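These are my notebook entries on one structure. I set down what I looked up, entry by entry.

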Amino acid sequence: MSDNLDGLLSSFLRRKRLEAARPFVRGKVLDYGCGIGLAGDLADEDGYVGVDIDPDVLVEARRRHPRGRFLTPAELPGLSAGPFETILALAVIEHLPAPRTFLELLASRLQAGGRIVVTTPAPALDWVHGLGGHLRLFARESHLEHQSLMGRRQIFDAANKAGLAIEVYRRFLLGANQLAVMRLYAPR
């Protein structure tokens with residue numbers, strides 16, 4: 001990744017998000033917002049699909065995981081792979097204008113009994129992220145691109161409206177980030 005997208009602590013934050021998600025990663029994995037494919041280290045490479053908007057980082061992801069599949073969001077509708085047991089969206093949902101619609105898209109790719117794992121910053125500490133971006137501790141561009149900061153209530157509401165139940169919710173990184181693990185509602 002280019003220097004303008006990384007702050008001094010950016011790789012540390014990526015590692016912490018992966019550590020938070022690791023216990024929930026199983027089976028075939030769709031990693032939405034995969035970046036250079038670091039979550040591919042948690043999955044069987046043959047069952048790993050990464051999606052990212054930046055074609056340059058996908059080049060590095062393909063180098064790191066030559067047996068994985070990597071595509072842009074525009075290519076996702078044509079993907080025949082799936083359904084997935086695990087779908088990751090680590091530090092993604094806050095960059096999108098319609099979180100519920102995004103969760104519905106992910107849910108449509110989820111196998112029965114599978115999980116969607118989301119991490120997102122806590123809105124109450126957004127000022128810390130902004131200050132850290134200004135000081136180049138965190139990715140400044142990332143903070144400027146936030147569109148949908150959600151607290152616990154908003155995460156639960158978006159998941160519910162997308163037909164998902166929250167199985168696990170917790171904060172990490174001293175409360176600055178949130179982890180939500182979601183499943184499809186059980187059929188009645």
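**Basis.** I am working with a predicted model, in which local features need pLDDT of at least 70 and side-chain atom pairs count only at pLDDT 80 or more, while totals for chains, interfaces and linings use all residues. Residues are numbered from 1 along each chain as its sequence is written, and side-chain values use heavy atoms, with hydrogens and water left out.

**Whole chain.** I looked up the secondary structure and found 6 helices and 7 strands in the protein chain. I take helices (H or I, at least four residues) and strands (E, at least two) as DSSP runs numbered from the N terminus. Read from the N terminus, the order of elements is α-β-β-α-β-β-α-β-α-α-α-β-β.

I then looked up burial: 48% of the 188 residues in the protein chain count as buried. Here buried means under 20% relative accessible area, exposed over 50%, and partly exposed in between (1.4 Å probe, protein chains only). The protein chain exposes about 9,500 Å², of which carbon and sulfur atoms supply 55%. Accessible areas come from the Shrake-Rupley method with a 1.4 Å probe, and for residues only the protein chains shown count as cover.

For contacts (heavy atoms within 4.5 Å), I considered residues at least 6 apart in sequence; 62% of such contacts in the protein chain join residues at least 24 apart.

**Helices α3 and α6.** Two packed helices are described by the angle between their axes and the distance between the axes. I looked up both values for α3 (residues 99–107) and α6 (residues 152–161): the angle is about 50° and the axes are 8 Å apart. Axes are lines fitted to C-alpha atoms, for helices over the stretch in contact, and angles run from 0 to 180 degrees between N-to-C directions.

The two helices, α3 and α6, are therefore oblique to each other. In this scheme, angles under 35 degrees count as roughly parallel, over 145 as roughly antiparallel, 65 to 115 as roughly perpendicular, and the rest as oblique. The crossing of α3 past α6 is right-handed, a term used if the near helix is turned clockwise from the far one by less than a right angle, and left-handed if anticlockwise.

Which residues of α3 and α6 meet? I found R100, L103 and E104 on the α3 side, and A158, A159 and K161 on the α6 side. By class, this contact has 3 nonpolar, no polar and 3 charged residues. Ala, Val, Leu, Ile, Met, Phe, Trp, Tyr, Cys and Pro count as nonpolar, Asp, Glu, Lys and Arg as charged, and the others, Gly among them, as polar.

**A89.** I located A89 in strand β4. A89 counts as buried, at 0% relative accessibility. Leaving aside neighbours within four places in sequence, I found A89 in contact with Y32, F102, L106, V117, V118 and T119. V117 is 28 residues from A89 in sequence, with a C-alpha to C-alpha separation of 6.2 Å.

**Positive phi.** Most residues other than glycine have a negative phi. I noted A91, not a glycine, with a positive phi of about 60°. A91 sits in the loop between β4 (84–90) and α3. L173, also not a glycine, has a positive phi of about 55°. I placed L173 in the loop between β6 (164–172) and β7 (177–184), where L173 is partly exposed at 21% relative accessible area.

**L13 and L173.** I looked up L13 next, in helix α1; L13 counts as buried at 14% relative accessibility. L13 and L173 are 160 residues apart along the chain, and their C-alpha atoms are separated by 8.4 Å.

**Two prolines.** P23 belongs to the loop between α1 (10–21) and β1 (29–32) and is partly exposed, with a relative accessible area of 42%. P77 lies in the loop between β3 (69–71) and β4 and counts as exposed at 65% relative accessibility.
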